[in-house]
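Student: Can we go through a few residues in this one? I'd like to begin with a side-chain contact.
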Amino acid sequence: MAGTLLVGSPGTSWRDWLRHNRKGRDLVIADPMDSMLGPAGRIGLWRGDQLTAWRFYGSLSPLRAPHMLVAATVSMVRLAQQDPIVQLFAYRPGPLMRQLTGALAEVLGPAQILLSSQAQVDLCDWPVGPEEVELPAAFPTVVETAQRRAQWLKLLEQCASHEVPLRNLAIEGARLGSGRALGEAERKAAGIEAALHAECCGATLLVVSDGEFEDLEVSRALDSTHTSKFQVVRPEQYKGLLCSFARSGGEDFGYGVLDEIDFGRGVALARTTAVPPTPVQVLRIGGLKLSEDGVEQGEIRPWEV
């Protein structure tokens with residue numbers, strides 16, 4: 001990398017520092033909450049004011065999927081020109097945050113690390129001694145939320161409707177699609193033939209259904225499928241989740257929201273920035289939900305769907 005790594009703190013902003021010190025260098029924004037140059041929920045590479053490349057993250061919290069954040073940041077830095085600037089998330093004290101920040105500093109190998117003077121960070125194991133920087137206060141939370149909503153509305157306005165066949169489609173970021181789907185005969189044997197979809201992944205039996213299940217039905221299903229955890233997902237839980245389309249090589253090319261997964265027809269209905277019709281090899285699903293008018297509806301728990 002041989003560039004500059006920026007480590008901020010809650011309530012502060014790198015906006016003014018970048019305005020005076022960026023000097024044309026590539027900028028990787030590895031803060032999924034940042035909406036300074038575009039919608040949040042992704043990791044992007046900016047060259048000037050142009051978004052050159054991006055990777056889907058689907059959440060506002062860097063701790064929701066640290067493995068995805070590290071992979072996305074490294075992939076963007078590899079595409080950057082010499083001596084890029086990488087802006088990380090605001091550092092909040094905690095063991096996972098500390099290890100995530102340290103891992104990023106290690107794999108990126110910056111020549112310079114700038115650290116907000118208000119960040120409560122242990123400095124003993126950094127690859128390069130951080131230089132403390134006084135940062136101005138960020139906008140109030142209500143203002144930042146409004147800015148993100150404005151970017152969400154702009155994103156939704158740019159989206160087109162897509163109908164993506166589930167057959168031969170890889171799904172990432174959700175429990176759905178991570179296991180082996182049960183055929184009609186297997187669902188019947190398990191006593192869950194009314195389920196819209198069912199699959200086994202390790203010890204978990206994932207069931208998508210509008211109905212309720214009695215304890216005896218759950219026990220029968222677990223015994224039949226040799227699993228120990230019965231997880232029910234309502235089909236409407238997928239509506240409004242951030243999503244992206246990606247190619248088999250990992251490149252994202254369509255950012256938007258899920259409208260529905262129609263298991264009866266075997267299709268996912270989504271609105272993204274991809275131009276239809278387009279082949280989709282990978283559907284990535286995030287944890288943040290949006291309403292039709294761009295209001296953030298909170299995040300689902302990891303692997304809830």
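Student: Which side chain does S59 join in a polar contact, and at what distance?
Tutor: The side chain of S59 pairs with that of E299, with 2.8 Å for the polar contact. Keep in mind that this is a predicted model.
Student: What backbone atom does the S59 side chain reach?
Tutor: The backbone nitrogen of S61, at 3.1 Å.
Student: And where is S59 found?
Tutor: S59 sits in the loop between β4 (50–56) and α2 (66–79).
Student: Is S59 buried or exposed?
Tutor: S59 is buried, because its relative accessible area is 0%, and buried means under 20%.
Student: Changing topic. Where is the place of Y91?
Tutor: Y91 lies in the loop between β5 (85–90) and α3 (95–108). Y91 counts as buried too, with 3% relative accessibility.
Student: How far apart are Y91 and C159 in sequence and in space?
Tutor: They are 68 residues apart in sequence, and 33 Å apart in space from C-alpha to C-alpha.
Student: Now the surface. Which residues gather in the patch of negative charge?
Tutor: That patch is made up of E193, E214, D215 and E217.
Student: Where is E193 found?
Tutor: E193 is in the loop between α5 (184–189) and β11 (197–201).
Student: What is the relative accessible area of E193, and how is that classed?
Tutor: The value for E193 is 48%, so E193 is classed as partly exposed. Exposed would need over 50%.

Definitions and conventions: Residues numbered from 1 in each chain as written. Predicted model: local features only at pLDDT ≥ 70, side-chain atom pairs only at ≥ 80, totals over all residues. Heavy atoms only, no water. Patch = residues over 30% accessible without salt bridge, like charges linked within 9 Å, V, L, I, M, F, W, Y side chains within 5 Å. Areas by Shrake-Rupley, 256 points an atom, 1.4 Å probe, with all protein chains shown as cover. Salt bridge = Lys/Arg side-chain N within 4 Å of Asp/Glu carboxyl O. Lys, Arg positive; Asp, Glu negative; His and termini not counted. Charge placed at Lys NZ, Arg CZ, Asp CG, Glu CD. Helix = DSSP H or I, 4+ residues; strand = E, 2+ residues; numbered from the N terminus. Buried < 20%, exposed > 50% of the residue type's maximum accessible area, 1.4 Å probe, protein only. Polar contact = N/O pair within 3.5 Å; in protein donor to acceptor, adjacent residues only side chain to side chain.
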